[in-house]
Amino acid sequence: MSQSRDSGQTAPAGTAAGGDTTRERILTAAMEEFARHGIAGARVDRIAKLARTSKERVYAYFRGKDALYAAVAAREYVVIAEATQMDPSDLPGYAGRLFDYFVARPDHHRLITWGRLELPGTTAAADDPDQAVIARKIDQLRRVQQAGQLDPAWDPADVLALVNQIATTWAAQPEHSEAAAAHAVDPTTAARRAAVVTAVERLFPPAR
């Protein structure tokens, strides 16, 4: 994701950074609201109600919905990176962890997808945590290529994009998940995960 720009955040007077439970409640409520309704459909009054605060308080922290979404999405990308931990020498394992993360949290995938749909063509800020995570992973892949552990014929940026796409295939296509549950030879989630891992293994085997 590359939607994060100027966060638009303003700390109300007298609040302590990192220790404000009202701000955390707002972010948690906004996560649920954006995942369910998207950015355009989200309502600040519903976020405020769920966060047990006022609309005025929400706007004291964030200038508007886009700024609030950017803060929620930035935090989510950091959480995903920490939860899935890419080992560049074990891309199938990384794909499996991504698959597991979004199977357990389909609302988190919806949150990210809404941003891609509703905030296209925006320029990422230099300190966008999403871009920092992507750049770090690309660099990790480049280093394992240089060490002879991954086919150097691939551009590492392509490797990362393709692995992520394969890993999130089922999360991104819930209609196919429903069809697989009804019509696949093996309808289990474990079978879908195995297909993801096998696809990445075959596409990006260790260099020989």
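Predicted model: local features only at pLDDT ≥ 70, side-chain atom pairs only at ≥ 80, totals over all residues.
Before I turn to the structure, one definition: a helix here is a DSSP run of H or I that is at least four residues long, and helices are numbered from the N terminus.

Let me begin with the chain as a whole. Of the 208 residues of the protein chain, 38% count as buried. If we take the contacts between residues at least 6 apart in sequence, 72% of them join residues at least 24 apart.

Next, a pair of helices. Packed helices in general are described by two quantities, the angle between their axes and the distance between those axes. For helix 1, which covers residues 21-41, and helix 4, which covers residues 65-84, the axes come within 9 Å and cross at roughly 105°. An angle from 65 to 115 degrees counts as roughly perpendicular, and helix 1 and helix 4 are therefore roughly perpendicular to each other. Which residues in helix 1 and helix 4 meet? On the side of helix 1 they include Leu27, Met31 and Phe34, and on the side of helix 4 they include Leu68, Tyr69 and Val72. Charged residues take part as well, among them Glu24 in helix 1 and Arg75 in helix 4. Taken together, the residues of this contact divide into 11 nonpolar, one polar and four charged.

Now please look at the second largest pocket, whose volume is about 290 Å³. It is lined by 16 residues, and those that lie nearest its centre are Val103, Trp170, Ala171, Pro174 and Ser177. Where does the lining of this pocket come from? Helix 5, helix 6 (106-118), helix 9 (169-172), helix 10 (174-183) and helix 11 (189-203) each supply at least two residues, while the largest share, four residues, comes from helix 10. By type, the lining of the second largest pocket divides into 10 nonpolar, four polar and two charged residues.

Glycine 96 is found in helix 5, which spans residues 91-104. Is glycine 96 buried or exposed? Its relative accessible area is 0%, and because buried means under 20%, it counts as buried. Leaving aside its neighbours within four places in sequence, glycine 96 is in contact with Arg193 and Val197.

Alanine 195, for its part, is found in helix 11, and with a relative accessible area of 42% it is partly exposed. From C-alpha to C-alpha, alanine 195 and alanine 167 are 9.5 Å apart in space, and they are 28 residues apart in sequence.

Finally, I come to the loops. Arginine 52 has a positive phi of about 60°, although it is not a glycine, and its place is in the loop between helix 2 (44-50) and helix 3 (55-61). At 61% relative accessibility, arginine 52 counts as exposed. Glutamine 85 is not a glycine either, and it has a positive phi of about 40°; its place is in the loop between helix 4 and helix 5.

How values were computed. Residues numbered from 1 in each chain as written. Heavy atoms only, no water. Axes fitted to C-alpha atoms, helices over the stretch in contact; angles between N-to-C directions. Parallel < 35°, antiparallel > 145°, perpendicular 65-115°, else oblique. Contact = heavy atoms within 4.5 Å. Buried < 20%, exposed > 50% of the residue type's maximum accessible area, 1.4 Å probe, protein only. 1 Å grid on protein atoms, 1.4 Å probe; cavity = no way out; pocket = protein on both sides within 12 Å on 5 of 7 lines; lining within 4 Å. Points joined across faces, edges and corners; volume = space filled by probe spheres on them.
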